[in-house]
Amino acid sequence: MNFLRGVMGGPSAGMQPSGAETIQKLCHRVASSTLLDDRRDAVRALKALSKKYHLEVGVQAMEHLIHVLQTDRSDSEIIGYALDTLYNIISNDLEEEEQEENLPKQVDDLGSQFTEIFIKQQENVTLLLSLVEEFDFHVRWPGVKLLTSLLKQQGPQVQQIILVSPMGVSRLMDLLADSREVIRNDGVLLLQQLTKSNAAIQKIVAFENAFERLLDIITEEGNSDGGIVVEDCLLLIQNLLKNNNSNQNFFKEGSYIQRMKPWFEVGDDNCGWSAQKVTNLHVMLQLVRVLVSPTNPPGATSSCQKAMFQCGLLQQLCTILMATGVPADILTETINTVSEVIRGCQMNQDYFASVNAPSNPPRPAIVVLLMSMVNERQPFVLRCAVLYCFQCFLYKNQKGQGEIVSTLLPSTIDGNSVSAGQLLCGGLFSTDSLSNWCAAVALAHALQENATLKEQLLRVQLATSIGNPPVSLLQQCTNILSQGDKIDRRGSKVQTRVGLLMLLCTWLSNCSIAVTHFLHNPANIPFLTGQIAENLGEEEQLVQGLCALLLGISIYYNDNSLENYRKEKLKQLIEKRIGRENFIEKLGFISKHELYSRAAQKPQPSFSSPDHMMFDHEFTKLVKELEGVISKAIYKSSEEDKKEEEVKKTLEQHDNIVTHYKKVIREQDQELEELKQRISTLTSQNEQLQATVTQQVSQIQQHKDQYNLLKVQLGKDNQHHNSHSDTFQMNGIQTEEVSKLKEELEEWKSKHEVLQGQLGEKDSLTEKLKSSQLEVGTAEQSSQTSKSGGLELSNELHKELEMLRSQIQLQSAEISKLQMENQKLQVMNTAAEPVLGDSSATAANSLDLEQEIKELKSEVKALSEEKESLKQHLDSSRSTVAILQDEKSKLQQELAESKKEQDDLLVLLADQDQKLSALKIKLKDLGVPVEDEDDIESGDQGDEDEDGDEDEQD
């Protein structure tokens with residue numbers, strides 16, 4: 001009893017046992033007790049002590065608790081207590097009492113150490129995965145929490161164990177489908193930890209339909225109006241997509257971008273947003289930026305940008321951008337998101353240029369944003385976001401660059417409205433150094449990689465003060481640069497000078513005309529050499545480096561058009577006043593600066609404070625490109641310069657030739673496109689005409705059917721004639737046209753009759769030829785016969801000959817038979833004569849036989865004579881047949897010629913019939929009644945009879 005009192009905390013006579021002793025006794029009880037209830041009570045007690053006695057329970061009980069998980073799986077209650085106890089050991093969540101006691105920091109590392117002990121045996125993690133599969137709430141929920149804690153403490157090691165475990169990730173994906181929200185939500189947290197910085201697990205989770213399930217949860221929870229569960233789901237999606245090109249492509253191909261559009265639907269009243277809604281929208285915007293980040297492969301980014309425009313997501317973001325009442329941090333993040341959605345995508349950039357703010361009068365969104373950028377009262381992060389948006393709008397967008405520069409040119413300035421160019425000039429020459437820097441960088445992006453606009457910007461004239469002549473923009477920039485210390489400005493003076501120098505370097509690079517304009521001002525070169533030659537402080541070293549870069553650009557892109565500022569003279573000036581080594585050293589100050597390295601990392605301008613805002617990302621690329629070539633140009637001799645100029649001229653000639661051919665190819669492409677368009681137009685017209693013809697054919701058939709019905713109903717031609725005038729009035733046809741058609745029909749009828757007559761004459765001539773050629777010279781056939789009689793006679797003679805031949809063969813067979821019988825009788829007679837002697841009966845028989853023989857001989861003789869006569873008759877018949885065959889061949893030749901003539905006449909007649917039928921159809925379409933076709937049908941019947949006679953003759 002004392003033992004139980006000590007364990008359960010009951011009163012005892014002696015000293016109370018310490019926590020470590022109690023834990024030791026409970027561990028012994030868990031290990032040695034045979035009853036399940038005793039073990040369960042002991043594990044419950046360990047769970048209660050595990051939060052307070054973190055170290056003791058972990059050291060003494062972990063092994064026993066793992067053994068309980070392995071052996072007592074049938075009892076869900078003890079499994080749940082064991083999992084909760086392990087969770088308390090491994091997690092770093094301390095009790096309030098412990099937090100007040102200021103325990104040493106080593107306690108924070110206990111969880112990591114216990115986790116390392118637990119995962120040392122990989123079977124323990126596999127066992128935990130199998131327990132998470134259990135549906136029982138008291139097992140599954142603590143199992144999920146324990147696995148999440150393990151991942152927090154030793155993420156990479158636990159990830160690797162789960163990755164190699166069979167179906168390890170798939171088991172955990174089932175948590176998202178659990179109907180109990182507590183388990184589902186903790187499952188989302190577990191997957192967050194599981195997918196951190198592990199691309200292999202991210203791919204498996206994505207292909208286990210994670211996007212579909214998570215987006216369904218977000219929709220069920222109310223999108224941006226949902227609670228913290230929405231935020232957790234968004235963070236998990238962000239884990240799956242960030243820096244994972246495969247998952248990004250899968251997300252786009254699965255049409256999940258379209259499901260993001262409802263997230264950004266905001267109403268007119270945007271006041272009173274909850275903190276959770278602001279957080280949710282912030283993460284949603286970051287998720288959009290993950291898909292279109294400039295660090296992604298260009299192809300993947302471009303396809304996502306197009307999908308966002310096509311589904312209306314970009315339009316929705318622009319609506320938030322121009323809405324009122326949106327919190328400042330959401331507005332800033334929306335500007336950054338829109339920036340990356342339009343960056344480098346011409347279609348999206350064109351749409352953004354067309355967006356207007358809901359003001360009176362409406363102003364372009366770009367102008368409204370620039371007004372915020374040059375307004376020093378706006379938050380710093382917002383101004384940086386607007387600058388980034390403007391940079392992204394102009395990135396690889398020559399059309400947009402031209403529109404911005406055109407607002408500065410004299411011919412396009414509108415005095416009634418504020419333009420983007422006016423705002424940039426205002427910011428460039430304001431007394432706020434941050435506005436100077438932002439405007440200078442924005443204007444530099446309008447000139448980026450566009451030599452044409454660099455030349456056009458030289459035309460810009462500024463009115464500095466009343467009564468003074470206008471000065472060029474280039475001149476004004478150099479004036480401010482040289483007077484920088486004398487002007488009172490808010491902020492860093494170095495920042496203004498750095499911004500102007502970056503603008504000038506961008507403007508003069510790769511533009512010889514701009515360099516000539518710059519050198520034409522005699523004060524510019526002395527100012528630059530004076531700045532470089534001085535020994536200034538650390539802050540001024542950056543200005544010195546940029547001055548060296550500007551002077552180097554003036555040498556490298558110098559076309560030697562100014563005699564006093566030729567390349568060689570400028571190099572001599574550097575060597576005398578600065579020194580080549582000193583010049584190169586000052587030029588290297590730029591790339592060695594810390595702020596330069598930060599700006600070169602990513603396109604978005606992100607600075608901790610306005611003082612750190614010195615370099616632009618695109619400008620760092622320009623410095624990297626020019627630093628080496630300027631250093632080489634400084635050390636080159638005049639001869640090398642001449643050779644280089646010759647090479648440049650040769651290259652320019654080649655470039656001109658290439659440009660010419662490109663122009664020719666472009667023109668041919670345009671012609672080809674025009675021809676293709678014409679072909680497509682003609683094809684469509686052809687299809688339309690074919691459809692019209694088909695429709696008209698069907699209408700003609702309908703009219704024919706209607707005409708036949710009317711003809712049956714009326715029955716008489718008189719009624720047709722009486723209704724001529726009504727029909728004309730109904731169809732709107734003039735009587736003159738009808739009369740002309742009738743006359744034409746009569747004319748064709750007369751032609752038809754003439755052709756019929758000609759055909760009849762040809763037929764009679766054919767008959768005469770046949771009859772004249774069939775007269776033959778035999779006596780029996782001396783009468784005149786037609787061609788058909790001669791052919792019949794020839795056939796009859798052939799038949800008679802065949803009959804005579806068959807009779808002769810029969811008679812010959814009969815004669816041979818009789819001869820055989822006669823020979824037999826003779827043999828019998830000769831054999832019987834010696835035997836019979838003088839018998840009277842034998843004599844009588846022999847007489848009879850002799851008489852019969854004589855009769856047979858006479859019959860044979862008669863047959864022989866008949867045979868001779870038949871042979872003569874056959875010979876005469878053969879000669880007659882030969883004569884008839886010659887006559888037949890001649891007649892057949894003449895018949896073929898007459899047939900050919902007749903066919904020609906029939907073709908002519910068929911053409912006439914077709915024309916007549918076409919005219920009749922036209923008359924029918926016009927509503928004019930047509931006479932019956934009895935005459936034509938009778939004519940056709942006559943033709944058929946004649947053809948039949950010819951067939952019989954053949």
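Author: Happy to; we'll look at a helix, a single residue and some salt bridges. This is a predicted model, where local features need pLDDT of at least 70, side-chain atom pairs count only at pLDDT 80 or more, and totals for chains, interfaces and linings use all residues. Residues are numbered from 1 along each chain as its sequence is written, and side-chain values use heavy atoms, with hydrogens and water left out.

Reader: Great. Which residues are buried in helix 13?

Author: Ile201, Gln202, Val205 and Ala206 are buried in helix 13, which spans residues 199–207. Buried means under 20% relative accessible area, exposed over 50%, and partly exposed in between, using a 1.4 Å probe and protein chains only. Helices here are DSSP runs of H or I with at least four residues, numbered from the N terminus.

Reader: Why are they on the same side of helix 13?

Author: Because they cover an arc of only 135° around the axis. That arc is taken from the directions from the helix axis to the C-beta atoms.

Reader: And what covers the buried residues of helix 13?

Author: The cover includes helix 10 (155–164), helix 11 (168–173), helix 12 (181–194), helix 14 (210–220), helix 15 (228–241) and helix 16 (245–253).

Reader: What's at the start of helix 13, and what follows it?

Author: At the start, a side-chain oxygen of Asn198 comes to within 3.3 Å of the backbone nitrogen of Ala200. Following helix 13 is Asn209, with a positive phi near 70°.

Reader: New topic: where is Thr506, and is it buried or exposed?

Author: Thr506 sits in helix 29, residues 493–508. Thr506 is buried, at a relative accessible area of 5%.

Reader: What does Thr506 touch?

Author: Leaving out residues up to four places away in sequence, Thr506 touches Ala444, Gln448, Lys454, Phe619 and Leu622. Contact means heavy atoms within 4.5 Å. The side chain of Thr506 also reaches the backbone oxygen of Met502 at 2.8 Å.

Reader: Nice. How many salt bridges does the structure hold?

Author: There are 26. A salt bridge is a side-chain nitrogen of Lys or Arg within 4 Å of a carboxyl oxygen of Asp or Glu.

Reader: Which residues form one with Arg184?

Author: Glu220 does, with the closest N and O atoms 3.9 Å apart. That pair links distant parts of the chain, as Glu220 is in helix 14 and Arg184 in helix 12, 36 residues apart. Glu221 also forms a salt bridge with Arg184, at 3.1 Å between the closest N and O atoms. Glu221 lies in the loop between helix 14 and helix 15, so its pairing with Arg184 in helix 12 ties together parts 37 residues apart in sequence.

Reader: How accessible are Glu220, Glu221 and Arg184?

Author: Glu220 is exposed at 59%, Glu221 is partly exposed at 26%, and Arg184 is buried at 7% relative accessibility.

Reader: What does Asp432 pair with?

Author: Asp432 meets Arg383 in a salt bridge of 3.1 Å, N to O. Asp432 is buried at a relative accessible area of 9%, and Arg383 is buried at 3%.

Reader: Last one: which residues are linked in a network of salt bridges?

Author: Asp37, Arg40, Asp41, Arg44, Asp75 and Glu77 are linked that way.

Note on methods
Helices (H or I, at least four residues) and strands (E, at least two) are DSSP runs, numbered from the N terminus. A polar contact is a pair of N or O atoms within 3.5 Å; within protein, one must be able to donate a hydrogen and the other to accept it, and residues adjacent in sequence count only if both atoms are side-chain atoms.
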